[in-house]
Amino acid sequence: NIDALARDGLRFLQHYSGSPVCAPSRGTLLTGKHTGTAYVRDNYEMGGWGPDEPEGQLPLPDAEVTVAELLKQRGYATAAVGKWGLGGPDSEGHPNNQGFDLFYGYLCQRVAHNYYPTHLWRNGERDSLEGNDYFKAHQRISSPLPNVQDYIDLYQGKTFAPDRMIDEAVSFVDANKDKPFFLLFATPVPHAAIQVPEESVTEYLESFDDEPYLGDRGYLPHPAPRAGYAAMVTRMDRDIGRLVDRIDELGLGESTLIIFSSDNGPTYNGGTDSEYFESAAGLNGLKGSVLEGGIRVPMIARWSGQIQPGSQTGHVSAFWDFLPTVAELAGVAAPEGVDGVSYLPTLTGNDTEQQQHESLYWEYHSLGGQQAARFSDWKAIRRGMHRDEQPPVELYNLADDPGETNDVSSQYPEVLAEATRLLESRTTSSIDRWNFALRQQQGAN
């Protein structure tokens with residue numbers, strides 16, 4: 001189904017997520033601000049892992065203007081279904097406080113580490129899931145489980161949360177087919193843990209030379225992790241197909257822009273095997289890294305009658321371009337201070353009218369603190385920002401070296417100077433938790 005979207009639509013070959021991890025990436029998508037100006041710049045927990053801990057991550061403030069709030073000005077029905085991660089129950093970051101009429105899914109990313117949770121959220125109310133009892137979403141075992149059925153007995157319940165989510169997404173489309181609507185379908189699949197109903201994993205059990213995963217790299221163990229992961233990808237593809245098919249059955253294909261992407265690169269933990277599946281497609285780095293493999297992601301846009309089927313573009317774009325694109329489409333002004341550039345001209349084949357970014361910027365405050373900037377074909381990276389006052393700047397030419405294997409900083413001093421200037425201009429923040437200089441000082445103390 002995702003391949004069909006590509007055949008029927010436009011592939012962006014140089015598209016970037018907002019961050020190498022979930023919450024800040026989703027924040028850039030909704031607000032049009034990159035992580036040098038955004039309020040949420042990393043995953044930041046507001047509770048712990050137990051069943052009685054408060055749910056949620058750092059809330060998106062009321063002052064931030066989201067895509068959903070803009071579209072409500074134009075009479076759109078708005079829904080977010082899936083994983084949120086930008087504010088828990090009763091917080092100002094709750095989706096209902098950020099322009100969404102309907103929310104259904106995981107408010108909290110920690111809860112989303114288990115696809116058989118005790119509950120999801122429908123707006124402000126808990127929706128208990130039948131047959132699901134609480135268990136820890138991160139466990140280790142000392143020896144492999146003998147078979148998939150034993151795994152299911154231990155680490156699965158009756159109700160697979162993503163099934164409830166796709167039902168809700170399709171129902172929202174049905175309920176709003178006669179009016180403008182905006183649906184953010186943020187399926188958590190195939191994020192770890194590797195969990196999928198038995199009939200799906202059985203399909204792949206004979207397809208891979210699989211070694212059991214014992215839970216030693218986080219999340220839950222699994223007797224056949226490659227088969228389980230493949231089954232999750234297939235399950236995601238099936239759900240997307242169901243949603244797209246419903247849009248077409250209702251005759252909405254020519255009035256509905258469908259965009260598929262990912263909020264970060266493929267992961268390295270939880271029993272997943274990104275190297276085996278070539279998930280990063282030859283790029284260097286994975287989730288959690290500002291190297292290309294952590295932030296360069298697929299993007300497909302389909303809009304029947306408007307987008308040329310089977311086309312592709314090298315336009316350099318990022319998550320924070322989504323808000324100004326939607327604003328232009330809906331005929332509403334984007335708020336001041338956004339960092340994005342509308343890619344509507346690229347969608348409609350008017351490439352000569354497409355505005356280009358002078359540069360793209362990312363910062364990430366875990367794994368030592370990282371920065372990256374892309375300008376033209378150049379990519380600059382600094383790592384260890386929370387440890388070192390002046391970490392070295394790495395420089396890569398993506399046209400010649402998309403895998404970022406050859407640091408050419410010593411060969412191009414003028415380009416290095418420009419790269420350093422770009423990174424230095426973004427190192428301060430009025431928010432203490434995102435201030436590199438303050439964190440360096442705290443680390444030194």
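Mentor: Strand E2 (residues 77-83) pairs with E6 in the parallel sense, over six bridges. Here two strands pair if DSSP finds at least two bridges between them, and strands (E, at least two residues) and helices (H or I, at least four) are DSSP runs numbered from the N terminus. The model is a predicted one: local features need pLDDT of at least 70, side-chain atom pairs count only at pLDDT 80 or more, and totals for chains, interfaces and linings use all residues. Residues are numbered from 1 along each chain as its sequence is written, and side-chain values use heavy atoms, with hydrogens and water left out.

Rings of Phe, Tyr and Trp (its six-membered ring) pair if their centres lie within 6.5 Å; planes under 30 degrees apart count as stacked, over 60 as edge-to-face and the rest as tilted. By this rule there are 19 aromatic pairs. In one of them, the rings of tyrosine 16 and tryptophan 362 have centres 5.0 Å apart and planes at 55 degrees, so the pair is tilted. Tyrosine 16 lies in strand E1 (residues 10-16) and tryptophan 362 in strand E10 (residues 360-364), so this pair ties together parts that are 346 residues apart in sequence. Tyrosine 16 is buried, at a relative accessible area of 0%, and tryptophan 362 counts as buried at 0%; buried means under 20% relative accessible area, exposed over 50% and partly exposed in between (1.4 Å probe, protein chains only).

Tyrosine 44 and tryptophan 434 form an edge-to-face pair, 6.2 Å centre to centre with 80 degrees between the planes. Tyrosine 44 lies in the loop between helix H2 (22-31) and helix H3 (67-72), and tryptophan 434 in the loop between helix H12 (413-424) and helix H13 (436-444), so the pair ties together parts that are 390 residues apart in sequence. Tyrosine 44 is partly exposed, with a relative accessible area of 31%, whereas tryptophan 434 is buried at 3%.
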